[in-house]
Amino acid sequence: MTNEKDKTELLTKVFDNQQILISNADGKANIALSIQTFITTTVLGAAIIVDTFSKVAHFSCCIKLTYYFLFAAFLISSIIGLTLCIYVFRPRPPQEEKEVKRKGITYFGHIKKFKNSNEYLDEINDTKSKDVINEFAFQNYTLAFILDHKMKFVKSSTTFLFINILLGIVLLIFSLLTK
């Protein structure tokens with residue numbers, strides 16, 4: 001792949017694909033956050049409305065402990081799951097220190113380091129094909145780390161979402177049985 005046009009096309013495709021995947025990760029986290037919030041408020045609301053806590057207090061010690069354990073596990077799992085969903089949206093700095101300091105032509109954090117729009121325009125006009133290749137290579141490298149972090153949080157938050165769904169169903173059944 002010696003042709004600079006081919007390199008630029010490849011790097012542009014990689015850049016665009018990573019941007020799409022980052023957007024997808026954010027979308028998945030948004031859906032998981034909405035479902036986590038719904039499940040948490042539904043289970044907590046059911047426990048309060050049905051007054052499950054006072055009704056469980058009259059059951060045997062084993063049933064009480066089981067309910068309290070499940071409820072505590074649900075609360076902890078909900079907090080962790082919600083936190084993981086929120087962490088997907090948290091911006092991450094570049095991995096390399098030189099990326100933080102440099103001026104660039106594609107990333108807004110680099111563009112804002114120019115004194116004004118004319119200086120930025122001059123940089124664009126002076127940019128050679130090799131510079132564009134380097135710019136996309138640096139951005140793709142940074143985006144790969146950002147995407148990796150986001151996907152790890154999405155995967156973890158999804159795991160906690162499934163745990164919360166199961167615990168939520170068990171707790172809702174428990175609330176209905178104590179009615």
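**Figure 1. Left-handed crossing of H3 and H7.** In this predicted model, helix H3 passes helix H7 in a left-handed crossing. The two helices pack at an angle of about 150°, and their axes lie 8 Å apart. Since angles over 145 degrees count as roughly antiparallel, H3 and H7 are therefore roughly antiparallel to each other. The residues of the contact of H3 with H7 comprise 20 nonpolar, eight polar and one charged. H3 covers residues 61-89, and H7 covers residues 129-177.

**Figure 2. Packing of H1 against H3.** Helix H1, formed by residues 4-49, packs against helix H3 at an angle of about 155°. The axes of H1 and H3 are 9 Å apart. This angle makes H1 roughly antiparallel to H3. The crossing of H1 and H3 is left-handed. In the contact of H1 with H3, the residues divide by class into 17 nonpolar, six polar and one charged.

**Figure 3. The largest pocket and the residues at its centre.** The volume of the largest pocket is about 340 Å³. Its lining is made up of 19 residues. Nearest the centre of the pocket lie Arg92, Tyr107, Phe108, Leu143 and Ile146. Classified by type, the lining of the largest pocket holds 10 nonpolar, five polar and four charged residues.

**Figure 4. Helices that contribute to the lining of the largest pocket.** Two or more residues of the lining of the largest pocket are given by each of H1, H3, H5 and H7. Of these elements, helix H5 spans residues 108-111. Helix H7 supplies the largest share of the lining, namely five residues. H3 also takes part in the helix contacts described above, packing with H1 and with H7.

**Figure 5. Helical elements and overall extent of the protein.** The protein has seven helices and zero strands. From the N terminus on, its elements follow the order α-α-α-α-α-α-α. The radius of gyration of the protein is 25 Å, well over the 16 Å that the globule rule gives for 179 residues, so the protein is more spread out than a compact globule. Along the principal axes, the C-alpha trace of the protein spans about 80 × 35 × 25 Å.

How values were computed
Residues numbered from 1 in each chain as written. Predicted model: local features only at pLDDT ≥ 70, side-chain atom pairs only at ≥ 80, totals over all residues. Heavy atoms only, no water. Axes fitted to C-alpha atoms, helices over the stretch in contact; angles between N-to-C directions. Helix = DSSP H or I, 4+ residues; strand = E, 2+ residues; numbered from the N terminus. Parallel < 35°, antiparallel > 145°, perpendicular 65-115°, else oblique. Left-handed = near helix turned anticlockwise from the far one by under 90°. Nonpolar A, V, L, I, M, F, W, Y, C, P; charged D, E, K, R; others polar. 1 Å grid on protein atoms, 1.4 Å probe; cavity = no way out; pocket = protein on both sides within 12 Å on 5 of 7 lines; lining within 4 Å. Points joined across faces, edges and corners; volume = space filled by probe spheres on them. Rg over C-alpha atoms; globule rule 2.2 N^0.38 Å.
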